[in-house]
Amino acid sequence: MAGAGGGGNDVQWCFSQVKGAIDDDVAEADIISTVEFNHSGELLATGDKGGRVVIFQQELESKNQPQCRGEYNVYSTFQSHEPEFDYLKSLEIEEKINKIRWLPQKNAAQFLLSTNDKTIKLWKISERDKRPEGYNLKEEDGRYRDPTTVTTLRVPVFHPMDLMVEASPRRVFANAHTYHINSISVNSDCETYLSADDLRINLWNLEITDHSFNIVDIKPANMEELTEVITAAEFHPNQCNTFVYSSSKGTIRLCDMRVSALCDQHSKLFEEPEDPSNRSFFSEIISSISDVKFSHSGRYMMTRDYLTVKIWDLNMESRPVETYQVHEYLRSKLCSLYENDCIFDKFECCWNGNDSVVMTGSYNNFFRMFDRGYRQDVTLEASRESSKPRSVLKPRKVCTGGKRKKDEISVDSLDFNKKILHTAWHPQDNIIAVATTNNLYIFQDKL
Amino acid sequence: MDVSAEAKRIMAVSISKLYASRAQRGGMRLHRSLLLSVIMRSARDLYHSACLAKEREELGTAHLVPVTPEEDAMDTTANGEQVEVEVSQVEPEPESPLTPPIQEPMSSDSGAAQGACKTRTFSGKETVEDKENRSPVSPDRHSRKRRGKASVAPDFLPSKRARLSLELGEERVLRTGRRNCCRAGDAFTTLSLNSNRAIAAF
């Protein structure tokens, strides 16, 4: 089949755009570390290891080509975080952007939260396309006029100017996390958000930066007894009192903030009993959950561990309702993947707009889509070779053993340095953003 | 021997990763350190079980009873608090990493040996733990010293750590005649102690 997509099995994915440098020599600062569409899908933000945020804006559909969706072009670029030094611990704090989350739009300006390991910042992105001219006390270039030379008065008027997009930091939420922040999530009340590190989750008010509430703390009294850490956390999309957090042991805890101020006691614990036939030396590592995402409906949540994507019904804690194998052929390679550090890669996952398809990344610049309704899956590749405008992506297949067919790639030929950790799906349309190491690919369905 | 060689290799890889992570930008990552120490502990357990199985083959069952508690006493001295943790972890989970088939290194023969070995090791450790509880004045002052140190002081003093490791190594060589297997094991047990303290240092 050609592709998996929302609403049917006849979706074909086409290349649309690629952003970023072409040369193979990747600067570390350019490595993309997070990708996120805003709530309308008009804006697409990326964060990189150098602490920069780049926002792309979708152009309005052109009247000449009504069948084509607008392209994404650079809208704003700014330095969100700088490297810092913690003098007390003699540690450098990386400027890498771990997560970006958009706030729902309330006025003309756009707001997003970006975080590195220790500090969260609220950025306001606003447009300026008019400039006041005709001041009485200032010249056009800004120099002040001598008041004694002013003989007449005039009213300054706004004149159009070239569009300027300004990003300004409105709030800085700092000094609340001892460990490394892995998640931020905006509450549906649009007033609060949570930030999670390895051992604690804090609740913030977007207006208040000088204090936050700790709502989850799993730090043991004796750190030598530590057995699990928090790996991801997210607020429920509709219920402002509910959030989930995942752990390195493969469990997900759902907490209700109405029950108590400190949500150490979970309301629900989602855990799948381990399959004894799959037990191996590295079982614990590969069961660590790297991402958790609620469905848009709020009925389901999806978790990603090293080899699988699981869909959970919030009403059933005993096991997931669906399990999808992302790259099961890697199960026999875990020892090598441990040695080359790939086993520690944290893959993210995402839902499409109507929760019918889920997507996640893999190695060799492959990414996978699973159509929940049609029970189909497809493997596609983000590569410069298949980057001709509107060229349809060909499904890829990995040969797991035996005779390799034409067009198949064997497991040993996979390039484990080319990994797709971050993907995002447009909230309404079939447009996806897929981040390779330092490039951002945008694909859309063939109209 | 394949099993123990593989386990030793994995331990060496884990230890080198743990030490490399100290120099990482942004400091040590707790999650990664935790996973590394889990793997290293499993590898160490596997390695010791393999050693014990090998010894049993070489010496016969009769000689093993006095050796096992001593060896586990060495483990205890190396990882005071950790033994308690391990026992508590092993008890609810009888299917520890050792018993079920482990993909890469194990063959079915060594698996059976390991299963038997594990039971013995487990009971050995239990005995040792009881000893610890009954006699608060431990003959091994390193264990008590380390316990206090680990919970109070962060691990920022390389010179002290090296000296402690050296003392441990010497101590262990003196206390046992099982030089072939255990000396190599000593190094790993010592270094796995350090990884444990690496977590405690957070």
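Buried means under 20% relative accessible area, exposed over 50% and partly exposed in between, computed with a 1.4 Å probe on protein chains only. The views show a predicted model in which local features need pLDDT of at least 70 and side-chain atom pairs count only at pLDDT 80 or more, whereas totals for chains, interfaces and linings use all residues. Residues are numbered from 1 along each chain as its sequence is written, chains are lettered from A and ligands numbered from 1 in the order in which they are written, and side-chain values use heavy atoms, with hydrogens and water left out.

View 1. B:Arg9 and B:Glu6 form a salt bridge (a side-chain nitrogen of Lys or Arg within 4 Å of a carboxyl oxygen of Asp or Glu), with the closest N and O atoms 2.8 Å apart. Both residues lie in helix α1 of chain B, three residues apart, about one turn of the helix. B:Arg9 is partly exposed at 34% relative accessibility, whereas B:Glu6, at 18%, counts as buried.

**View 2. A salt bridge between two strands of chain A.** The closest N and O atoms of A:Arg128 and A:Glu166 are 3.1 Å apart. Because A:Arg128 lies in strand β10 (residues 120-133) and A:Glu166 in strand β11 (residues 157-173), the pair ties together parts that are 38 residues apart in sequence; strands here are DSSP runs of E with at least two residues, and helices runs of H or I with at least four, numbered from the N terminus.

View 3. The side chains of A:Arg396 and A:Glu381 meet at 2.3 Å, N to O. A:Arg396 is partly exposed at 25%, and A:Glu381 is buried at 15%.
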